[in-house]
Amino acid sequence: MIVILDFGSQFCHLILKQLRYLQYSARIFPHDISVNELSSFNIDGIIFSGGPKSIFEEEAPHPDPRIYDLNVPILGICYGSNLIAEYYGGTVKRVGKAEYGIEMVDVLDRHHPLTEGLMEKEQVLMSHGDSIEALPPSAKILGRTKKVIAIFALDDRKAYGVQFHPEVHHTPNGKIILENFARICEAEKKKDMQDFITDQVWRIRNTVGPNEHVLMAVSGGIDSTVAAMIIEEAIGDRLHCVFVDNGLMRKNEVPQVRKNYEKFFTNFYVVDASEKFLSALRGVTDPQQKRRIIGKMFYEVFHEFKEKLSQQGINLRYLGQGTIYPDRIESAAPSKTASHIKQHHNLVPLPEYLKLELIEPLKDLFKFEVREIGRKLGLDDYFLQRHPFPGPGLAVRCLGEITRERLDALREADAIFEEIIRKYGIYEDAWQAFAVLLPVKTVGVQGDERTYREVIALRVVESKDAMTATVPSLPWQLLYEAARRIVDEIPLVNRVVLDVTSKPPATIEWE
Ligand code: XMP
């Protein structure tokens with residue numbers, strides 16, 4: 001396993017993701033984890049992430065110094081490379097104002113194990129406030145920009161540093177460096193996701209006692225479906241899958257999910273709680289408040305369900321969820337520096353009264369890995385290609401007050417847009433394509449009459465994991481057709497607009 005020490009970089013999870021794309025097992029730990037704590041892991045190599053601090057600051061984070069004695073290769077990225085250079089006797093200088101942006105690196109040695117496969121000139125993303133002034137005595141410069149030492153190697157120690165970020169998209173060949181480093185570490189590639197499934201099944205079997213049952217919240221999306229399949233593989237009919245109809249689902253979603261799930265799971269239940277959710281949301285317009293209420297409602301429904309099963313002598317002890325790694329990053333701030341963006345409904349803390357413990361078999365995986373497992377477990381294209389849909393459902397796309405009438409209008413607009421997006425062959429390549437109902441009215445003229453009605457915004461994004469997203473260009477005819485049909489077919493709406501903002505600065509959902 002490759003250990004990634006988190007010194008506070010915004011990109012730490014991308015190092016993990018790139019290594020996992022390359023099929024190496026890797027894990028992030030806080031920068032100050034002690035060597036004793038790491039001793040139970042089989043460590044092939046260590047990466048020091050970048051970080052926002054300067055090594056000249058008093059509170060600059062340092063690793064446990066014994067880490068350098070573990071005798072495994074170390075790669076430092078940005079701040080991490082400065083730590084390594086300094087530790088082995090080099091000097092680091094303050095650049096003053098931090099430099100951020102795209103730079104070109106001249107790769108001076110392309111035969112070194114770390115740089116093999118790179119081109120003479122490589123585009124990289126730099127983001128740093130310090131740079132290396134003098135390298136440790138036996139170190140070698142493998143690459144530099146006009147201003148700084150960009151890549152170095154201390155071969156006798158197998159310690160390496162890159163001043164830029166190889167893990168980000170803007171360093172197109174950064175993954176070559178990460179792959180080369182993993183090879184230097186002699187890390188083995190994971191065979192495939194089968195190992196992961198076997199491991200999780202084994203863990204769940206060892207956790208859930210013979211008379212204990214698991215309540216699984218399934219949403220119809222790939223994450224919770226795959227998680228449920230793994231749990232069912234482990235404990236068979238002691239799994240109870242519940243699909244909560246919260247009144248916030250897309251058009252025809254409830255019958256569709258029912259049809260699909262009945263063939264997968266032995267115990268599958270649909271609970272109609274739409275009245276309960278909609279009355280709790282009446283008059284609420286604040287996005288975080290909506291999310292909190294929805295999270296709370298889900299738990300109430302689970303509680304009632306648990307009580308019902310307990311009367312039949314079934315002891316529900318665990319709650320299964322399809323939480324994946326990016327969900328945890330954006331909502332729960334897994335490191336000391338990541339900032340809190342949205343309250344993810346999966347991550348509202350489990351209330352005491354539920355007396356359920358969580359089982360989240362996918363919590364360390366990225367979406368592409370969940371898809372790979374889904375494929376392996378025999379899920380068809382309906383699940384594999386289905387766009388993600390947020391747990392709070394249409395509540396976070398129905399801006400302003402949530403009423404049945406507004407939800408129906410939104411559902412209809414969304415269905416029209418999906419139909420058109422599919423017709424134009426855009427659906428498969430898009431991460432998400434959906435409609436949003438805005439809390440404003442505008443003036444229109446229809447059939448010679450003045451109208452004063454609501455606005456639909458259309459959003460299409462491309463993304464790999466929802467952490468960042470871009471907006472593709474769309475055929476004008478498609479947009480025109482969508483606007484035309486939405487306004488013609490939905491009496492509540494008289495205007496359609498297009499959202500062309502990427503993430504960041506916007507998020508994918510509007511709330
Ligand atoms: P944002 O809007 O934060 O969304 O850019 C990133 C991805 O997560 C989905 N999303 C959610 N999924 N519960 C979920 O299960 C939530 O509360 C939630 N909020 C956003 C969103 O659709 C996008 O794919």
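1. Starting with Tyr318: its bridge partner in β14 is Glu357. Strand β14 (residues 357-359) pairs with β13 in the parallel sense over three bridges. Two strands count as paired if DSSP finds at least two bridges between them. Helices (H or I, at least four residues) and strands (E, at least two) are DSSP runs, numbered from the N terminus.

2. A word on what you are looking at: this is a predicted model, in which local features need pLDDT of at least 70 and side-chain atom pairs count only at pLDDT 80 or more, while totals for chains, interfaces and linings use all residues. Residues are numbered from 1 along each chain as its sequence is written, and side-chain values use heavy atoms, with hydrogens and water left out.

3. Back to β13 (residues 316-320), which is mostly covered, with four of its five residues buried. Buried means under 20% relative accessible area (1.4 Å probe, protein chains only). Strand β10 (residues 213-217) also runs parallel to β13, joined to it by four bridges; here Leu316 of β13 is the bridge partner of His213.

4. Now for the open sheet of three strands, ordered β15-β16-β17 with mixed pairing. β15 (432-446) and β17 (493-499) stand at the edges with a single partner strand each, so one side of each has no neighbour in the sheet. From one strand to the next, the twist averages 25°. β16 (residues 449-461) and β17 run parallel and are joined by six bridges, and Glu454 has Val493 as its bridge partner in β17.

5. Two helices meet this sheet. α13 lies across β15 and β16, running at about 115° to β15. α14 packs on the sheet and touches β15, β16 and β17, its direction making about 150° with that of β17. Axes are lines fitted to C-alpha atoms, for helices over the stretch in contact, and angles run from 0 to 180 degrees between N-to-C directions.

6. The helices also meet each other: the axes of α13 (residues 404-423) and α14 (residues 476-489) come within 10 Å and cross at roughly 155°. The pair is therefore roughly antiparallel, a term for angles over 145 degrees. The contact (heavy atoms within 4.5 Å) involves residues including Ile416, Phe417 and Ile420 of α13 and Leu478, Ala482 and Ile486 of α14. Its residues divide into eight nonpolar, no polar and five charged.

Note on methods: Angles under 35 degrees count as roughly parallel, over 145 as roughly antiparallel, 65 to 115 as roughly perpendicular and the rest as oblique. Ala, Val, Leu, Ile, Met, Phe, Trp, Tyr, Cys and Pro count as nonpolar, Asp, Glu, Lys and Arg as charged, and the others, Gly among them, as polar. Buried means under 20% relative accessible area, exposed over 50%, partly exposed in between (1.4 Å probe, protein chains only).
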